[in-house]
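Subject: Structure handover

Hello,

Here is the model you asked to look at. Please open it next to this email; my notes follow below.

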Amino acid sequence: MRISDSRYARERTQFELAMRMIAYEARTCTIRTCTGLSDDRIRKIYTTYFKEEPLMQVRRQRGKPPSRISVYVKTGLHQSESSTLGLLFADAGLILLRLGQSPKLLLSKSTVEFGQRFCLAYDMYCLLHPARRICFERAWFLLDALVRGDELQFTRCATCQNIYMHDSLSLTKTVCPGCRKRGQSRGVH
Ligand SMILES: [Zn+2]
């Protein structure tokens, strides 16, 4: 492969990843982290391929990135979807789950491969949960929060033994959302 060919292939991969991430309304800084493209180039891709396209309805995310973990556990549905996403991150080879410890990050975020695998995990999440209560940027922050491990962690349900995501600061028993719901419907709290 000639140098110009490999450069073209690299630029094409960066461009395709940026298109995927813009379609999911990722922030410019998130796209820059994985693709290595400049903010100006990312804005141009958005303006050229998304802004004037009424069917795409892609908005640009502005302001501070999401930073509260309560959104991941505020209802049983949110907690189930966060758990699915966390397991999909592991399935995509982004993190290594370790019970009782925070997951280990397996790839540098500053790589196209990380972005591609992250999009793959998020694609699968959207297929499993079409209502998607967790937007792309919140999914990105979820992975950070999991790796940090001080507020969210995977734990085993004391009732059914399934693994699920848990607020590590919560004082409630370690019971997964499914078992909690079944317990409530039987009047057990
Ligand atoms: Zn359970």
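Strands β3 (residues 152-156) and β4 (residues 163-167) run antiparallel and are joined by five bridges. Strands pair here if DSSP finds at least two bridges between them. Thr155 has Tyr164 in β4 as its bridge partner. Arg156 is bridged to Ile163 in β4. Six residues lie between the strands of this hairpin. One of the residues in the loop between β3 and β4 is Gln161. Gln161 is not a glycine, yet its phi is positive, at about 75°.

Two notes on the source. This is a predicted model: local features need pLDDT of at least 70, side-chain atom pairs count only at pLDDT 80 or more, and totals for chains, interfaces and linings use all residues. Residues are numbered from 1 along each chain as its sequence is written.

Overall layout

The protein chain has eight helices and four strands. Both are DSSP runs numbered from the N terminus: helices are H or I with at least four residues, strands are E with at least two. From the N terminus, the order is α-α-α-α-α-β-β-α-α-β-β-α. The chain has 189 residues, and buried residues make up 29% of them. Buried means that 20 or more other C-beta atoms lie within 10 Å of the residue's own; exposed means 12 or fewer, and partly exposed is in between, with C-beta atoms placed from the backbone. Take the contacts in the chain with a separation of 6 or more: residues 24 or more positions apart account for 56% of them. A contact needs C-beta atoms, placed from the backbone, within 7 Å of each other.

Helices α5 and α7

How do α5 and α7 lie relative to each other, and at roughly what angle do their axes cross? The axes of α5 (residues 76-91) and α7 (residues 136-148) come within 10 Å and cross at roughly 75°. Axes are lines fitted to C-alpha atoms, for helices over the stretch in contact, and angles run from 0 to 180 degrees between N-to-C directions. The two helices are therefore roughly perpendicular. That label covers 65 to 115 degrees; under 35 is roughly parallel, over 145 roughly antiparallel, and the rest oblique.

On the α5 side, the contact uses Ser82, Leu85, Gly86 and Phe89; on the α7 side, Ala139, Leu142, Leu143 and Leu146. Six of the contact residues are nonpolar, two are polar and none is charged. Nonpolar means Ala, Val, Leu, Ile, Met, Phe, Trp, Tyr, Cys and Pro; charged means Asp, Glu, Lys and Arg; the others, Gly among them, are polar.

More on α7

The 13 residues of α7 should span 18 Å at 1.5 Å a residue, and the end C-alpha atoms are 19 Å apart, which agrees. The expected span is 1.5 Å times one less than the number of residues. Buried residues in α7 include Phe136, Trp140 and Phe141. Arg138 is buried in α7 as well. Their cover includes α2 (28-35), α4 (70-73), α5, β1 (95-96), α6 and β3.

Asp144 also lies in α7. Asp144 counts as partly exposed, because it has 13 C-beta neighbours inside 10 Å. Asp144 and Leu105 are 39 residues apart in sequence, and their C-alpha atoms are 9.2 Å apart. Just after α7, Gly149 takes a positive phi of about 75°.

Helix α6 (residues 112-128) has 17 residues. From first C-alpha to last, α6 reaches 24 Å, close to the 24 Å expected. Its buried residues include Phe114, Arg117, Phe118 and Tyr122. Cys135 sits in the loop between α6 and α7. With 16 other C-beta atoms within 10 Å, Cys135 is partly exposed. Cys135 and Tyr122 are 13 residues apart in sequence and 9.2 Å apart from C-alpha to C-alpha.

Two loop residues to check

Glu25 is in the loop between α1 (3-23) and α2. Its phi is near 60°, a positive value in a residue other than glycine. Glu25 has 16 C-beta neighbours inside 10 Å, so it counts as partly exposed. Gln161 has 9 such neighbours inside 10 Å, so it counts as exposed.

Best wishes

Terms used: Two residues are in contact if their C-beta atoms, placed from the backbone, lie within 7 Å.
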